[in-house]
Each structure stands twice: as structure tokens, then as C-alpha cells.
Amino acid sequence: MGFENLTGATAVVTGAGSGIGEAAARRAAALGMQIVLADLSAARIDALAADLRAAGRSVLAVPTDVRDQAAVEALAEATYDEFGEVTVLLNNAGIESVGYTWEVPADEWRRVIDVNLLGVYHGIRSFVPRMGADPRPSQIVNTCSVGGIAITRE
């Protein structure tokens with residue numbers, strides 16, 4: 001599926017407060033897209049939103065904990081209320097835990113699973129039915145850090 005012109009289309013980016021998410025949001029804005037920034041850190045997405053708005057972009061910042069289905073559903077509701085459509089959903093929120101699996105505390109392990117796996121699941125559940133009902137082309141991108149494929153060897 002090709003997108004020749006994304007001007008005016010809407011991109012939702014989770015994990016938009018830093019790293020790949022911030023870079024993706026900036027790139028989408030440079031393409032003329034409306035941007036929805038989602039991140040656990042309200043301060044980071046508010047700062048990014050201010051920067052993008054100063055450049056003349058339409059931006060909605062929604063503090064979101066992707067571990068929480070209700071929070072992601074609220075993100076979808078806010079997005080559709082503000083922009084009426086989603087062209088690109090970038091499920092990018094992710095965290096990493098470093099160490100031997102048997103040494104990682106169970107609550108930390110659960111947090112990684114909840115953000116990295118359930119966050120994507122919640123994004124798909126909240127956005128795909130609406131995106132699929134819209135006849136316009138749309139795409140979902142799920143990112144993974146090198147932590148998702150790394151193998152530690154001694």
C-alpha cells in the first residue's frame with residue numbers, strides 16, 4: 001500500500017516522548033500529518049507538542065499508559081474526537097530490562113511484558129476496528145527494540 005500524500009492525514013504515536021517515537025512524530029509532522037502524541041510522560045509530550053505547534057502543525061498530546069486498556073481506549077476516543085480518522089498507528093511504546101531473566105524482579109518483568117506486549121495489543125484493540133471501518137487506506141506499525149531480539153551469551 002502506498003501513501004503518495006500524507007498531508008492532513010493523522011498519525012498516532014505511542015512512546016512519543018523520546019527516542020524512536022519522538023523521531024517518528026517529527027517525521028510525520030514534516031510530512032504534513034496531524035499528530036497524536038501518546039506517552040506516559042505528559043511533560044515530554046507537552047514539550048514536543050509545543051515545538052510542533054510552533055512549526056504550524058496540528059498536534060494532540062494525550063498522556064497514556066499503554067498498559068491500561070481504558071487509557072488506550074481514551075486515547076482512541078480523543079484522537080477520533082479531534083481528527084476524525086487515523087491513517088497511521090505507530091505502536092512504539094516500549095521499555096527494556098537488562099539482566100539475567102532469573103535475576104530480574106518479577107514486578108519489573110511484568111512491567112516490561114505489560115508495556116511491550118499488552119501495549120501493542122491494547123493499541124490494536126482500540127484502533128483497528130475504527131481504522132478498518134474507514135474506507136481510506138491506513139497502516140499499523142509495531143516497533144520493537146533490539147531488546148526484543150537480543151540474545152545474551154557468556
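Visitor: What makes strand 2 and strand 3 a pair?

Guide: In this predicted model, five bridges join strand 2 (residues 34–39) to strand 3, and the two run parallel. Two strands pair if there are at least two bridges between them, so strand 2 and strand 3 qualify with their five. One of the contacts to look up is Ile35, whose bridge partner in strand 3 is Val59.

Visitor: Why is one side of strand 3 left without a neighbour in the sheet?

Guide: The open sheet has five strands in the order 3-2-1-4-5, with parallel pairing. Strand 3 (59–63) and strand 5 stand at the edges with a single partner strand each, so one side of each has no neighbour in the sheet. From one strand to the next, the twist averages 10°.

Visitor: How do you know which way helix 1 and helix 2 run against the strands?

Guide: By the angles between their directions. Helix 1 (residues 19–30) touches strand 1, strand 2 and strand 4, and its direction makes about 170° with that of strand 2. Helix 2 (residues 42–54) lies across strand 2 and strand 3, at about 180° to strand 3.

Visitor: What do the buried residues of helix 4 pack against?

Guide: Strand 1 (10–14), helix 3 (69–83), strand 4 (88–91) and strand 5 (139–142). Phe127 is among those buried residues, each under 20% relative accessible area.

Note on methods: Residues numbered from 1 in each chain as written. Predicted model: local features only at pLDDT ≥ 70, side-chain atom pairs only at ≥ 80, totals over all residues. Heavy atoms only, no water. Buried < 20%, exposed > 50% of the residue type's maximum accessible area, 1.4 Å probe, protein only. Helix = DSSP H or I, 4+ residues; strand = E, 2+ residues; numbered from the N terminus. Contact = heavy atoms within 4.5 Å. Axes fitted to C-alpha atoms, helices over the stretch in contact; angles between N-to-C directions.
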